[in-house]
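The sequence and structure come first, and the description follows.

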Amino acid sequence: MRTTTPHQHSPHAHGPTAHPHADAIQAQVLDLDAKVMADQVDAVIEWMPVRSAPTRIVDLGAGTGAGTFALLHAFPDAVVTAVDSSAEHLELLRDRARRDGLDDRIRTLQVDLDAADWPDLGRPDLVWASASMHHLADPDRALRTVRDALGDKGLFVVLELSGLPRFLSPDTPEGRPGLEERCHAALEPSTSARMPHRGSDWAPKLTAAGLEVAAHLALDVAIDSTENEAIGPYALAALTGLRRAGAELLPAEDLAALDELLDTTSPHSILSRSDLTLRTTRLVWAARRPDTDEADEADEADEADEADEADEADEADDPFSPAAEAANCERVLGSRRHGLDSAV
Ligand SMILES: C[S@@+](CC[C@H](N)C(=O)[O-])C[C@H]1O[C@@H](n2cnc3c(N)ncnc32)[C@H](O)[C@@H]1O
């Protein structure tokens, strides 16, 4: 395993977590999410419209490696470059790679993906970005960089959350029903201001970056705490985050109700509840560079044509030229219809 070289790391308000303590809390949540959502991540990997099993994979905003390890298991011949701005997350990812005997198939890179110049990512045939793109201040630039890095037959898979997971039913907890929803509503303005791209439709962004959306998937997830023992600890971690962020925003009665749920020594602790259900919707877009057969034909025409015709062909090859954008738009609309048909 090649180890991390700190690269272009410049923490900012939108993306990289600001300090190690925040990273440690996020790492805990990411690991719990990975435990609870393992089957769904495997289902997305199986669903991905790859043209052949990828061997060179890049995991953008890899965190502690939920996607990295799932992809390594799904594609035994693949190597993964795990990219993240957090040294702490990458350290945890490397620790697990060593424990699982996978370190020779993983390279880690500490990179701020909002930086203009990324290190060389090679020519990946799969780029995977799970719950990371919305953290970026300038995701559009990142998408264009991915387009440039992707191989001709490569696939870019963007996974995002429609919102943060919910655990309590609306008529609970006793005495303060609707508590969780009120917490999220109170925090929404500051969260949106920090991460304006959260909850976006990524199809137009991918198209604008010169990629074609090949398929789209919406995964509605509801997992009962009786089915998965990590749901209680996940709910505890999530509500701890809400309590901390909402300290100045929530009414005293809601803060007291949260404190009761978060007191793991109390019989009213969230860990003692048997009625928790993780509810979340994961949205996935799979995109690739525009059809390479057409690009090949255009290249052959360029060689045969006169210089001025070649200039026109060059313009058509430019994904940002008006002609290319119009052509892409038509193709993407067709593909999106197909993708939406196949959504579950
Ligand atoms: C919600 S986590 C998702 C982690 C992982 N992909 C998963 O699905 O578990 C978002 C990740 O993006 C990383 N991140 C946020 N902003 C970033 C930036 N500007 N450059 C690189 N990584 C960033 C964070 O450090 C974090 O690991």
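Two residues are in contact if their C-beta atoms, placed from the backbone, lie within 7 Å. Helices (H or I, at least four residues) and strands (E, at least two) are DSSP runs, numbered from the N terminus. A residue is buried if 20 or more other C-beta atoms lie within 10 Å of its own, exposed if 12 or fewer, and partly exposed in between; these C-beta atoms are placed from the backbone.

The model is predicted: local features need pLDDT of at least 70 and side-chain atom pairs count only at pLDDT 80 or more, while totals for chains, interfaces and linings use all residues. Residues are numbered from 1 along each chain as its sequence is written.

The protein has twelve helices and eight strands. Of its 344 residues, 36% count as buried. Among contacts between residues at least 6 apart in sequence, 77% join residues at least 24 apart.

Strand 6 covers residues 155-161, and six of its seven residues are buried. Two strands pair if DSSP finds at least two bridges between them.

| Partner of strand 6 | Sense | Bridges |
|---|---|---|
| Strand 5 (residues 126-130) | parallel | five bridges |
| Strand 8 (residues 277-288) | antiparallel | six bridges |

Strand 5, helix 5 (residues 139-149) and strand 6 form a right-handed β-α-β unit; a crossover is right-handed if, with the strands pointing away from the viewer, the path from the first strand over the helix to the second runs clockwise.

**The nonpolar core**

A nonpolar core is a set of buried Ala, Val, Leu, Ile, Met, Phe, Trp, Tyr and Cys residues joined through C-beta atoms within 7 Å. The largest one has 75 residues, and those that touch the most other members are Val127, Phe156, Val157, Val158, Leu206, Ala235 and Trp285. Helix 8 gives the most to this core, with seven residues.

Residues up to four places away in sequence aside, Val127 touches Val58, Leu60, Val146, Leu150, Gly154 and Phe156. Leu206 sits in helix 7 (residues 202-208). Leu206 counts as buried because 25 C-beta neighbours lie inside 10 Å. With the same exclusion of residues up to four places away, Leu206 touches Leu143, Leu211, Val213, Trp285 and Ala287. Leu206 and Ala287 are 81 residues apart along the chain, yet their C-alpha atoms are separated by 7.2 Å.

Leu179, Glu180 and Cys183 of helix 6 are buried. What covers the buried residues of helix 6 includes helix 8 (231-245) and helix 9 (252-262).

In helix 3 (residues 66-74), seven of the nine residues are buried.

**A buried loop residue**

Leu276 lies in the loop between helix 9 and strand 8. Leu276 is buried, with 23 other C-beta atoms within 10 Å. The C-alpha atoms of Leu276 and Leu168 are separated by 5.6 Å, although the two residues are 108 residues apart along the chain.
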